[in-house]
Amino acid sequence: MIVFGYGSLVWKIDFPYTYFVPVYCKGFARRFWQDSTDHRGTVESPGRVVSLFSYEDWLPYSNSDPFTLTKDSICWGIAIKIPDSELEKVKAHLDFREKNGYTTYTVDLFNPAISEKLHNNSDNLPIFKNATVYVANSDNPSFVGPKPTNEIVDTIAKARGPSGKNIDYLLGLCNALRVISPDCLDDHLIALESKIKEVLNGQETEQLNNFGSVKKEFLDELKNVVETPSDDLAKLILGNF
């Protein structure tokens with residue numbers, strides 16, 4: 001089983017896995033349009049977390065979203081390979097972790113450098129087809145939709161839940177994606193990160209220096225994967241199917 005991580009799964013894998021590799025999906029965008037009452041906020045003071053929106057799902061909200069999405073847009077994250085022996089346990093864990101409005105869908109995942117090795121010099125084919133992804137649709141009770149950037153930042157700056165500060169969620173995601181490549185951050189994330197740093201204004205420099213709540217060991221592992229030659233990553237993928 002391959003799981004696509006585009007939010008906290010990019011920087012917080014708390015279950016057994018065989019490997020992970022940087023990937024993107026096409027025609028989707030990541031947005032902080034989902035309330036969090038179970039992880040990064042509470043029922044009384046919800047936090048804000050991301051969901052994934054296809055072009056078709058985003059279109060009804062396009063007039064209220066200051067950022068664009070096209071059918072050619074890409075959203076970066078990581079593909080996580082779950083070992084068969086742990087599949088049932090990990091699936092139950094993820095279902096619980098993503099219980100606040102998320103359901104599973106499938107999506108094709110791309111990495112041109114690896115695809116070129118897997119598909120005889122064709123770099124436009126997916127390296128994983130029908131990967132599992134957890135998505136919170138607009139019909140779930142915690143969906144809040146597009147809001148002004150300042151309003152989202154105000155929520156993130158104040159919220160805290162059982163999994164920690166909402167600020168850590170945002171900064172952890174931004175910094176992990178930046179390890180993959182500075183170009184991985186979409187305009188929505190860049191705007192939120194910039195505003196949250198203005199709000200912090202040096203008051204919580206430890207959070208910024210420690211990459212939110214991301215463990216340095218994981219960032220080092222992510223960096224090693226990013227720097228691994230595409231030939232070796234292709235062999236790793238082929239060797240685990």
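**View 1. Strand S5 and its antiparallel partners.** Strand S1 (residues 2-5) is joined to S5 by four bridges, and the two run antiparallel. Strands are DSSP E runs of at least two residues and helices are H or I runs of at least four, numbered from the N terminus; two strands pair if DSSP finds at least two bridges between them. Val 3 has Ile 80 of S5 as its bridge partner. Of the eight residues of S5 (residues 74-81), seven are buried (under 20% relative accessible area, 1.4 Å probe, protein chains only).

The model is predicted: local features need pLDDT of at least 70, side-chain atom pairs count only at pLDDT 80 or more, and totals for chains, interfaces and linings use all residues. Residues are numbered from 1 along each chain as its sequence is written, and side-chain values use heavy atoms, with hydrogens and water left out.

**View 2. The buried face of helix H4.** In H4 (residues 149-158), the buried residues are Thr 149, Ile 152, Val 153, Thr 155 and Ile 156. They line one face of the helix, because they fall within an arc of 160° seen down its axis, taken from the directions from the helix axis to the C-beta atoms. Their cover includes strands S3 (28-36) and S4 (47-54) and helices H5 (166-180) and H6 (187-200).

**View 3. Packing of helices H5 and H8.** The axes of H5 and H8 (residues 216-227) lie 8 Å apart at an angle of about 30°, so H5 is roughly parallel to H8 (angles under 35 degrees). Asn 175, Ala 176, Val 179 and Ile 180 of H5 meet Leu 219, Leu 222, Lys 223 and Val 226 of H8, with contact meaning heavy atoms within 4.5 Å.

Methods. Buried < 20%, exposed > 50% of the residue type's maximum accessible area, 1.4 Å probe, protein only. Axes fitted to C-alpha atoms, helices over the stretch in contact; angles between N-to-C directions. Parallel < 35°, antiparallel > 145°, perpendicular 65-115°, else oblique.
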